[in-house]
Amino acid sequence: MTDPAPHDPAAVALELERLRRSVEVGFAKTDGALALLVQRSDQTDARLADHEQRLDGLERARWPLPSLAALVAVVGLTLSLWTFVTRT
């Protein structure tokens, strides 16, 4: 098949069709890439929410250090008072 002359309307129509096909293929590739990015973003959001939930659970389950320090201080004071009272 030979290509028609450059100023022929059939040649212009043929080139426009090729250009349209190229643009459609490019849009399809871009659409696929965007869909993949959206899927990965959704997965990341789900993992982040899961990690937040697990971190909240760990924070609730641990002993708060100031309370533990106060408890140790009270026990130490009680023991020292008891030792002082029992020796006199």
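1. Arg-18 and Glu-15 both sit in helix H1 (residues 9-61), three residues apart, or about one turn of the helix; helices here are DSSP runs of H or I with at least four residues, strands are E runs of at least two, and numbering starts at the N terminus. This pair forms a salt bridge whose closest N and O atoms are 2.9 Å apart (a side-chain nitrogen of Lys or Arg within 4 Å of a carboxyl oxygen of Asp or Glu). Arg-18 is partly exposed at 35% relative accessible area, and Glu-15 is also partly exposed, at 44% (buried is under 20%, exposed over 50%, partly exposed in between, with a 1.4 Å probe and protein chains only).

2. On provenance, the model is predicted, with local features needing pLDDT of at least 70 and side-chain atom pairs pLDDT 80 or more, while totals for chains, interfaces and linings use all residues. Residues are numbered from 1 along each chain as its sequence is written, and side-chain values use heavy atoms, without hydrogens and water.

3. Along the principal axes, the C-alpha atoms fill a box of roughly 120 × 15 × 15 Å. Val-72 and Ala-10 give a further view of the extent of the chain: they are 62 residues apart in sequence and 93 Å apart in space, C-alpha to C-alpha.

4. Buried residues account for 1% of the 88 residues in the chain. The accessible surface of the chain comes to about 8200 Å² (Shrake-Rupley, 1.4 Å probe; for residues, only the protein chains shown count as cover). Carbon and sulfur atoms contribute 66% of that surface.

5. The structure holds four salt bridges. Besides the Arg-18 and Glu-15 pair, Glu-17 deserves attention, as it takes part in two of the contacts described here. Its partner Arg-20 has the closest N and O atoms 2.7 Å apart, and these two residues, three apart in helix H1, are separated by about one helical turn. With Arg-21, the closest N and O atoms are 4.0 Å apart; here the spacing in helix H1 is four residues, again about one helical turn.

6. The salt bridges of Glu-17, Arg-20, Arg-21 and Glu-24 link these residues in a network. Glu-17 is partly exposed at 30% relative accessibility. Arg-20 counts as partly exposed at 41%, and Arg-21 likewise at 46%.

7. A nonpolar surface patch is made up of Trp-63, Leu-65, Leu-68, Leu-71, Val-72, Val-75, Leu-79 and Trp-82, which together have about 870 Å² of accessible area. Patch members have over 30% relative accessible area and no salt bridge; like charges are joined within 9 Å, and nonpolar side chains (Val, Leu, Ile, Met, Phe, Trp, Tyr) within 5 Å.

8. Val-75 lies in helix H2 (residues 65-87) and, at 43% relative accessibility, counts as partly exposed. Val-72 is also found in helix H2, but is exposed, with a relative accessible area of 55%.
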